Amino acid sequence: MIGAEQIKENFETFNNVLEEKFEGERLEKLQTLTECLKERMMLAPASSKDWFNNAFPGGYLDHILRVNKIANQLHKLYDFHNANSEAYTEEELNFVSLFCQLGKLGDWEHEYFTKNDSDWHVKNLGMVYKFNEHVPAMKVYDRTIYLLQDAGIKVSHNEYLAIRNQEGLFDESNKFYFYSGQKETKFRNHLPLLIHQAIQTAQEIEYQIWNSENQVVQQPSKPANASKADKTIRKAKAINPENNPNFNEKTKSIIDSFFSDDE
């Protein structure tokens, strides 16, 4: 979770990055888009489940800023190892990392994530948000591209492929791009892979932050209030050496421990 001050600071940081990395007509259109979706951009979560990544108010923008920072760090890493980082521009790198998941904000009329009113789903599945049924079903990257073109923001070939393939092989349809059988059909640069890596790294970091704050207490496999009949059944299932001559004593001891009556 992050507080109101951090949410406000993140939005200011986002706008500062826009002014630093873009210029001219494109900057104006991106600023118009940002202002149009300002409230949602500031308050939307990044996912629907608490254990996944940034499923809290302000989580979306916090996630996007992390993706942008990691993407720029990965760009330097690729460059350090002599990868061809001149095959795409710095603007393309920042545009994709900042706007590749715009579709998570929904469409112009409706937000994508809404608070879940089902206590069962929240408690048992950690699904603190649900998908808004008023938003037409689309892949996040498809809705992203739709919103961008509808806002009159053109995308380059490099930007389109990076947005389209952001989920890597988690999306079955991306096999065409990632399982290339010949060099002519491979990506012409590593931007799509870099963006996918930046998103996955950000999500893993956000999961670890959540996990460190919400350590899951492991429940005992055998309840303390097990009935006498339950214990009798467990004892009957204990390993019989005569029927299992190939089990050594250590193995039998481990297996027997699962059915022991000892509390």
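Buried means under 20% relative accessible area, exposed means over 50%, and partly exposed is what falls in between (1.4 Å probe, protein chains only). This is a predicted model, where local features need pLDDT of at least 70, side-chain atom pairs count only at pLDDT 80 or more, and totals for chains, interfaces and linings use all residues. Residues are numbered from 1 along each chain as its sequence is written, and side-chain values use heavy atoms, leaving out hydrogens and water.

**View 1. The protein chain has twelve helices and two strands.** Both are DSSP runs numbered from the N terminus: helices are H or I with at least four residues, strands are E with at least two. Going along the sequence, you'd read α-α-α-α-α-β-α-β-α-α-α-α-α-α. The chain has 263 residues, and 40% of them count as buried. Take the contacts (heavy atoms within 4.5 Å) with a separation of 6 or more: 67% of them involve residues 24 or more positions apart.

**View 2. Helix H8 is largely enclosed by the rest of the structure, because six of its eight residues are buried.** H8 covers residues 157-164. Its buried residues are Asn158, Glu159, Leu161, Ala162, Ile163 and Arg164. And what sits over them? The cover includes helix H2 (24-36), helix H5 (90-99), helix H7 (140-150), helix H9 (175-178) and H10.

**View 3. Histidine 63 is tucked into helix H4 and counts as buried, at 0% relative accessibility.** Its side chain makes a polar contact of 2.8 Å with the side chain of glutamine 101. (A polar contact is a pair of N or O atoms within 3.5 Å; within protein, one must be able to donate a hydrogen and the other to accept it, and residues adjacent in sequence count only if both atoms are side-chain atoms.) Leaving out residues up to four places away in sequence, histidine 63 touches Ala46, Asn53, Asn54, Gln101, Ile199, Ala202, Gln203 and Glu206.

**View 4. Aspartate 62 is also found in helix H4 (residues 59-80).** With a relative accessible area of 14%, aspartate 62 is buried. A polar contact of 3.1 Å links its side chain to that of arginine 66. Again skipping residues up to four places away in sequence, aspartate 62 touches Ile2, Asn10 and Asn54.

**View 5. The largest pocket holds about 650 Å³ of space.** On a 1 Å grid over the protein atoms alone, a pocket is an open set of points where a 1.4 Å probe fits, with protein on both sides within 12 Å along at least five of seven lines; lining residues have an atom within 4 Å of a point. Points are joined across faces, edges and corners, and the volume is the space filled by probe spheres set on them. Of the 21 lining residues, Ser47, Phe52, Lys104, Glu167 and Gln203 lie nearest the centre. Helix H10 (residues 191-213) gives the largest share, five residues.

**View 6. The second largest pocket has a volume of about 310 Å³.** It is lined by 18 residues, and Met1, Asn54, Phe56, Trp210 and Glu213 are the closest to its centre. H10 gives the most to this lining, with four residues.

**View 7. A search of the whole structure finds zero disulfides.** For one to count, a pair of cysteine sulfur atoms must be within 2.5 Å. Cysteine 36 is exposed at 54% relative accessibility, whereas cysteine 100 is buried at 0%.
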